[in-house]
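Here's a quick tour of one protein chain. Have a look at the sequence and the 3D picture, then read on.

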Amino acid sequence: MANNMTETIEKTEMSEDSAKISAKTSTDMAGQSWFNRPVPGVKQQLTPQLTAVETEPSTKCPNCLSMITNTALIFNCYVCPHCDHHLAMTARERLQWFLEQVDGEIGQEFVAKDPLGFVDSKPYPERMTQAQTKTGESEALIVLYGKLRNLEVVACAFDFQFMGGSMGSVVGDRFVQAAEKSLAERKPLVCFAASGGARMQEGLLSLMQMARTAAAVERLRLAGIPYIVVLTNPVYGGVTASLAMLGDIHLAEPKAMIGFAGKRVIEQTVRETLEEPFQRAEFLLEHGVVDEVVHRHQMIDTIYRLLAKLCHQPNVDA
Ligand SMILES: [Zn+2]
């Protein structure tokens with residue numbers, strides 16, 4: 001009896017083992033567990049695999065809303081690989097992308113003051129501190145000098161993230177200093193504009209910068225030193241009305257909005273409904289305001305070739 005019992009237990013254990021083995025084999029054979037096996041008539045809800053976009057820091061394209069990894073975006077010069085939309089660049093990113101070799105920065109010694117004691121929803125100094133913390137820059141215009149291939153150039157760029165790239169007295173100071181360096185060293189000046197206009201917190205002092213910067217550009221013109229303006233999205237107000245429209249050549253990025261006053265203000269003034277693209281770079285090219293609309297991927301090459309021609313450089317790349 002006892003022997004029979006032992007035999008029965010052994011048989012049961014053996015049959016369990018063989019069942020496990022056969023189950024495992026059938027799972028392996030099917031290549032998936034029974035849990036994931038499709039059942040006719042039942043919709044499958046599989047957990048989606050995380051893509052690179054979901055695991056890496058990414059940015060959403062404001063035009064086509066697709067997610068682009070920051071690495072891909074930087075690699076593509078901040079142009080959306082899906083819809084070719086030109087995303088905004090900070091001033092420093094722009095200049096470091098543009099200059100092959102940076103030799104130095106100028107204008108850092110200028111600090112904004114609050115001559116009017118201006119307060120709107122916040123005091124002006126508080127707004128400045130906030131903008132400085134947000135962008136890591138001390139003002140809305142950055143001036144670097146260095147090399148664009150074999151050409152020595154002075155280049156400045158507006159940071160739209162810094163109080164809308166508005167032109168206060170420090171922006172004027174820095175631009176004038178950039179122009180004076182160009183003049184003294186006979187190096188061409190390139191300006192990447194992106195601004196909402198004059199800085200209302202500095203009142204008349206910011207409006208004065210229009211005359212100051214225009215005078216600085218005029219000195220360059222008289223000395224025969226090239227000044228190229230690149231209009232990026234957006235350029236408005238006092239910046240359009242001064243330094244951004246006084247270049248020897250005006251290039252623009254695709255679909256950049258360029259104007260003096262906004263659409264609504266013009267419509268209220270002229271009492272007419274205006275067509276939507278009338279302030280776009282492409283429309284302005286057709287009407288002679290802009291000399292060329294240039295894709296960001298061709299921008300450095302275009303500026304280099306133009307400057308090399310204007311500076312009478314013999315070794316111009318084709
Ligand atoms: Zn896009």
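Helices (H or I, at least four residues) and strands (E, at least two) are DSSP runs, numbered from the N terminus. This is a predicted model, where local features need pLDDT of at least 70 and side-chain atom pairs count only at pLDDT 80 or more, while totals for chains, interfaces and linings use all residues. Residues are numbered from 1 along each chain as its sequence is written.

**The chain overall**

- The protein chain comes to eleven helices and nine strands.
- Of its 318 residues, 33% count as buried. A residue is buried if 20 or more other C-beta atoms lie within 10 Å of its own, exposed if 12 or fewer, and partly exposed in between, with C-beta atoms placed from the backbone.
- Take the contacts in the protein chain with a separation of 6 or more: residues 24 or more positions apart account for 66% of them. Two residues are in contact if their C-beta atoms, placed from the backbone, lie within 7 Å.

- Seven strands form an open sheet with mixed pairing, in the order 3-4-5-6-7-8-9. The edge strands, strand 3 and strand 9 (292-293), each pair on one side only.
- Two strands pair if DSSP finds at least two bridges between them.
- Strand 3 (residues 101-106) pairs with strand 4 in the antiparallel sense, over five bridges. Here Gln 101 stands opposite Lys 147 of strand 4.
- Strand 4 and strand 5 (residues 151-158) also run antiparallel, joined by eight bridges. They form a hairpin with two residues between them, and Arg 149 in the turn has a positive phi of about 50°.
- Strand 5 runs parallel to strand 6 (residues 189-195), with four bridges joining them.
- Ala 157 in strand 5 stands opposite Ile 142, and its bridge partner in strand 6 is Phe 192.
- Helix 6 lies across strand 3, strand 4, strand 5 and strand 6, running at about 20° to strand 4. For that angle, axes are lines fitted to C-alpha atoms (for helices, over the stretch in contact), and angles run from 0 to 180 degrees between N-to-C directions.

- Strand 4 (residues 141-148) is mostly covered, with six of its eight residues buried.
- Just after helix 9, Arg 271 takes a positive phi of about 55°.
- The largest nonpolar core has 63 residues, and Ala 155, Ala 193 and Leu 231 have the most contacts inside it. A second, separate core of five residues includes Ile 68, Tyr 78, Cys 80 and Met 89. A nonpolar core is a set of buried Ala, Val, Leu, Ile, Met, Phe, Trp, Tyr and Cys residues joined through C-beta atoms within 7 Å.
- Not counting residues up to four places away in sequence, Ala 155 touches Leu 95, Phe 98, Leu 99, Leu 144 and Val 190.

**Two loop residues**

- Gly 168 sits in the loop between strand 5 and helix 6 (169-185). Gly 168 counts as buried because 25 other C-beta atoms lie within 10 Å.
- Gly 168 and Ser 206 are 38 residues apart in sequence, but 4.6 Å apart in space, C-alpha to C-alpha.
- His 82 is in the loop between helix 3 (70-75) and helix 4 (91-98). His 82 has 13 other C-beta atoms within 10 Å, so it counts as partly exposed.
- Leaving aside neighbours within four places in sequence, His 82 is in contact with Cys 61, Cys 64 and Ser 66.
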